[in-house]
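Hi everyone, thanks for making the time. I'd like to walk you through a model, so let me bring it up on the screen.

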Number of protein chains: 2
Amino acid sequence: MYKYMTPEIIFGNGALEKSGESCLRLGAKRVLIVSDPGLQESGWTNKIEQCCEDIDLPYSRFYGAGINPRDVEVEQGVDAYKQAGCDAVLGLGGGSALDVAKGISILATNGGRIADYEGVDLIAKPLPPLVMVTTTAGSGSEVSQFSIIIDSKRRKKMTIVSKSLIPDIAIIDPVLLSTKSSSLTASTGMDVLSHAIESFVSLAATPLTDVQALHAIKLVSYYLRPSVAAKSNVYAKEQMAMASLQAGLAFSNAILGAVHAISHAIGGRLSLAHGDINSILLPHVMNFNRIAAPERFKQIAEQMGITTAHRTADECALLAVELVTKLGADVRAPQRLADIGVEREDFSVIADMAMEDACMVTNPRDITKQDVLDILHEAY
Amino acid sequence: MYKYMTPEIIFGNGALEKSGESCLRLGAKRVLIVSDPGLQESGWTNKIEQCCEDIDLPYSRFYGAGINPRDVEVEQGVDAYKQAGCDAVLGLGGGSALDVAKGISILATNGGRIADYEGVDLIAKPLPPLVMVTTTAGSGSEVSQFSIIIDSKRRKKMTIVSKSLIPDIAIIDPVLLSTKSSSLTASTGMDVLSHAIESFVSLAATPLTDVQALHAIKLVSYYLRPSVAAKSNVYAKEQMAMASLQAGLAFSNAILGAVHAISHAIGGRLSLAHGDINSILLPHVMNFNRIAAPERFKQIAEQMGITTAHRTADECALLAVELVTKLGADVRAPQRLADIGVEREDFSVIADMAMEDACMVTNPRDITKQDVLDILHEAY
């Protein structure tokens, strides 16, 4: 028996303009807009403030989310929420700002510290109305039941999982992707691929998630390169926005695997783009996992354009690993852990943390600490 | 720009047992169970009452839904709801009982008569907590924003569309399919196919609905025959339950087309199984629609097992029409309108009503009253 949940989704060019009225529809009287300095600079926070002003919805600002979502940001945000007397949260951002917005929402109605909610289903009280506008194709946070927050003291990415974290309304506006740098487009695009592949081979995969995951794999294979190549390629951005959404629906319900478990462990120690770490780890974890589900990896290869007729499932799986490596190289995502500053002496601590991560539970192949260490060495 | 919404879904053998606690989780104090005499006879209403008793959730009964959902049943049901002081609705049934349950929910909080809500988005106030357990693979009512209710005076099936009609929680338990007769399995299975095909070629189709619709088409093509052949084939029933769910998610968000518009017009006049009418109309409407979207029909053919390489899209589309006809024949669904009692002299009234149906708006090919008449004559 399994469950499947999604937020209400509004998708399309210009969807951003629905952000204010979405909050109003949920009964908001004063909304806290949560975002980051980069989006402030590129003018998107002005746009969203304008949406609120147009319909006379009072708002307050918290634009302090960093490249990775941190407990201190959540605490600052919830102070802003309470001081201003807000009763709803409107997140605008990539995974980091949206995860901070989720953290603020948890503390707004449940109190305590964010570390109290690490794990599965520990949020007792309903959250305030929550509307999320994604600006990357990307994290999938706008549709998922996940929030990943760094515990500063433990230098650890905490995985918080609860269906309360699924926003009420998710807004995906491909126009917002036009200001992203090519490296951020590449990094977040490889993150989408890791969501889609990990959820498709997850132990918790279902037909409802499989179809979304497979289509996301196809879209990334076809459209990530042109999307990275040209800011002006609006069609490719739209397709990547859809890929991100479908992968998000898949992993929110099917959960993930070892790529994310290891990536969270690394990301807790080093302030790196989540997508860059995933991009490096993905082919190595696929290579480790492929004997657990050869037929699934064959389907992944098929979505990526491989002719699977007259090939064994294992041959197809190996080809899929090669294609993922080549895609990362083509879009100039980083290729080795050494290149992004991960150090060998941290491997043991990283492996220990990865083994404890909630995402490890659904990895399709049984995995030991030694296996994680082997993957880290191969990816170094 | 488009929207996508689903209820929370619980799927799997034994999921029925989650029905009572689902109501409780939504805050129900006394629930009205809505069902039909057939399900009472087969013992399923006893089971659901037991689920409520096990958790001390008070309930009342309205088991008066017929083979087609009628306004008078909705009125009787809402009287029962009010007299017993209910505050939530738990539907158990095929499309008919579930649509009556939706009608009761509308009137419970919005008042008036059910005909007041015919059309799109006319429901102002939120409905009471609504949990639906489907017993057919089937109508998709358990996940859709539709309710179809017969207006007795006008002898018309009213289409009511509103996102308020999406239940809070949908429960799909394949075990419930084991008591269905082979003819009901066939009829409802052909209905699933018509949902999947109509939503895939709908003008409102999106990638989110396409992937669910295509997979539903494949599942019906593979599993409807064995499901009709043997009550004991549990695996086939599970696959048909998934097909019904995926087709339901697709059509709730992408809407339908001429098959349903014409079928509603016929069903308003004659008390016939909805699936039987759809089964007869489907290949004829496909044949009419195929020039509007040849590439879409090619994909339908591919899902049904046709090798599409070295064939034109139009050849594939014609083969898809043939396969649908053959599937209906193999499962002994009725083949001609004359066989189920539709009379030629009613064609003009039926065509007029069909042209007004909300489902006609998303039909991919422009259609006139004369086109509808031609389809009716071909299907006679």
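**Where the two chains meet**

Let's start with one pair of residues: A:Tyr4 sits across from B:Ile9, which belongs to S2(B). Keep in mind throughout that this is a predicted model. That pair is part of a strand pairing between the chains: strand S1 of chain A, residues 2-4, runs antiparallel to S2(B), and three bridges join the two.

Now let's step back to the whole interface. How many residues of chain B are in contact with chain A? There are 27, and they touch 27 residues of chain A. The buried area between the two chains comes to about 2300 Å², with carbon and sulfur atoms giving 64% of that.

What about the polar side of things? Between chain B and chain A, 11 residue pairs are in polar contact, counting pairs with both residues at pLDDT 80 or more. Which elements of chain B each supply at least two residues to the side that touches chain A? They are strand S1 (2-4), strand S2 (8-11), helix H7 (207-229) and helix H8 (234-254). H7(B) gives the most, with five residues.

On to charges. Side chains of opposite charge can pair when their charged atoms come close. Across this interface, the rule finds four salt bridges. Here is a salt bridge between the chains: the side chains of A:Glu8 and B:Lys3 meet at 3.8 Å, N to O.

Over all chains, the search of the whole structure gives 30 salt bridges. One I'd like you to look at lies within chain A, where A:Arg296 and A:Asp210 pair through their side chains at 2.9 Å, N to O. This pair links distant parts of the chain, 86 residues apart: A:Arg296 is in helix H11 (residues 294-303) and A:Asp210 is in helix H7 (residues 207-229) of chain A.

Last, the annotated domains of chain A. An unreviewed UniProt entry places "Alcohol dehydrogenase iron-type/glycerol dehydrogenase GldA" at residues 7-174. In the model, that span is 31% helix and 24% strand, and its end C-alpha atoms are 18 Å apart. The unreviewed entry also gives "Fe-containing alcohol dehydrogenase-like C-terminal" for residues 185-380. How much helix and strand is in residues 185-380? The span is 70% helix and 0% strand, with end C-alpha atoms 23 Å apart.

Thanks, and I'm happy to go back to any part of the model.

How values were computed
Residues are numbered from 1 along each chain as its sequence is written. Chains are lettered from A and ligands numbered from 1 in the order in which they are written. Side-chain values use heavy atoms; hydrogens and water are left out. Contact means heavy atoms within 4.5 Å. Buried area is the accessible area (1.4 Å probe) that two parts lose on being put together, summed over both. A polar contact is a pair of N or O atoms within 3.5 Å; within protein, one must be able to donate a hydrogen and the other to accept it, and residues adjacent in sequence count only if both atoms are side-chain atoms. Helices (H or I, at least four residues) and strands (E, at least two) are DSSP runs, numbered from the N terminus. Two strands pair if DSSP finds at least two bridges between them. UniProt positions are given in the numbering used here, feature names are shortened, and annotations may be inferred rather than shown by experiment.
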